[in-house]
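Here are my notes on the model you sent over, as numbered points. Have the structure open while you read.

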Amino acid sequence: MGQTRSGNVKWPPSKTEIEFSGRERVKYDYYDWSDDDRAPMLELAWAITIHKAQGSEFELTVVVIPRHDGANLSRELLYTALTRQRGKVILLHESGLDDIARLGSPIYSDTAGRLTNLFIASDPVKVGDAVLDRGLVHRTDRGELVRSKSEVIIANMLHQLNVSYDYEAPFSGADGRTVRPDFTVLTDLGETVLWEHLGMLADPRYAAKWAAKKAWYACNGILPIDEGAGERGKLVITDDVNGVDSSGWRQLAIKVFGI
């Protein structure tokens with residue numbers, strides 16, 4: 001609001017005072033002119049597009065994702081949005097986490113939907129309402145789209161052994177966190193077996209995240225098969241460190257599921 005001075009003249013405001021919830025009676029000033037003597041306590045900021053943020057290397061980014069039907073968002077765009085920061089990313093979204101997680105599926109991949117190969121003919125395959133290039137997706141014998149060729153091998157192996165599984169089914173812990181193991185099997189004895197395949201253990205950041213996730217599983221009653229049965233189930237772990245070992249993985253499945 002303007003300030004009234006002598007002569008009842010209304011002057012424009014000289015500054016803006018901001019008060020944040022949780023810090024009552026603590027105010028921050030923002031002036032509309034530059035002050036060479038001290039840095040302003042607040043600065044104006046503007047939202048920019050995801051692609052505009054590329055290369056900016058912000059310490060903190062806030063990604064705003066509105067409710068959507070999948071038409072304007074893609075797997076690649078979400079990846080770009082979540083990797084524009086050096087320190088921390090905050091995700092604000094109107095829909096549930098399941099809707100965000102679904103964007104990681106190849107169905108929402110712009111790349112997989114481009115039937116524009118230069119040297120070989122595209123091989124279109126219809127998956128739900130989407131048409132994708134067969135050479136750019138990993139599809140199991142049951143028709144599921146998975147994230148890697150190794151997951152295709154494991155899924156097909158379980159299918160051939162008549163082991164019923166769910167792919168990336170949510171598993172919730174006592175702390176409210178929900179993860180999605182690669183494969184979840186509920187045995188005839190009512191025992192839960194989670195199967196995690198680690199495809200990038202050579203990457204230190206990936207290995208560190210896996211170590212934290214494995215510890216989280218243990219805290220929530222899921223133990224690796226070589227450590228006995230946890231209160232909530234068992235954990236099967238495979239990796240690509242020494243290459244793909246489909247025969248070894250098959251023997252492991254036969255042992256775990258008593259086939």
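**Notes on the model**

1. Let's start with Asn220: setting aside neighbours within four places in sequence, its contacts (heavy atoms within 4.5 Å) are Phe171, Gly173, Ala174, Asp175 and Arg232. Asn220 sits in the loop between helix H4 (204-219) and strand E16 (222-224). Helices here are DSSP runs of H or I with at least four residues, strands are E runs of at least two, and both are numbered from the N terminus. Asn220 counts as buried, at 8% relative accessibility; the cut-offs are under 20% relative accessible area for buried, over 50% for exposed and partly exposed in between, using a 1.4 Å probe and protein chains only.

2. A word on what you're looking at. This is a predicted model, in which local features need pLDDT of at least 70 and side-chain atom pairs count only at pLDDT 80 or more, while totals for chains, interfaces and linings use all residues. Residues are numbered from 1 along each chain as its sequence is written, and side-chain values use heavy atoms, with hydrogens and water left out.

3. For the overall picture, the chain has 5 helices and 17 strands. Of its 259 residues, 31% are buried. Among contacts with a separation of 6 or more, 46% are between residues 24 or more positions apart.

4. Now look at Gly233, in strand E17. Gly233 is buried too, at 3% relative accessibility. Beyond four places in sequence, Gly233 touches Thr192, Gly221, Ile222 and Leu223.

5. How do helices H3 and H5 cross? The axes of H3 (residues 149-160) and H5 (residues 246-256) come within 10 Å and cross at roughly 40°. Axes are lines fitted to C-alpha atoms, for helices over the stretch in contact, and angles run from 0 to 180 degrees between N-to-C directions. The two helices are therefore oblique to each other: under 35 degrees would be roughly parallel, over 145 roughly antiparallel and 65 to 115 roughly perpendicular, with the rest oblique. The crossing is right-handed, which is to say that the near helix is turned clockwise from the far one by less than a right angle.

6. Which residues make that contact? From H3 come Ser150, Ile153, Ile154, Met157, Leu158 and Gln160, and from H5 Ser246, Trp249, Arg250 and Ala253. They split into 6 nonpolar, 3 polar and 1 charged, where Ala, Val, Leu, Ile, Met, Phe, Trp, Tyr, Cys and Pro count as nonpolar, Asp, Glu, Lys and Arg as charged, and the others, Gly among them, as polar.

7. Last, some backbone spots to check. Asn162 has a positive phi of about 60° although it is not a glycine; Asn162 is in the loop between H3 and strand E11 (166-167) and is exposed, with a relative accessible area of 71%. Glu168 has a positive phi as well, near 50°, but Glu168 is buried at 16%, in the loop between E11 and strand E12 (171-172). Just after H5, Gly258 takes a positive phi of about 60°.
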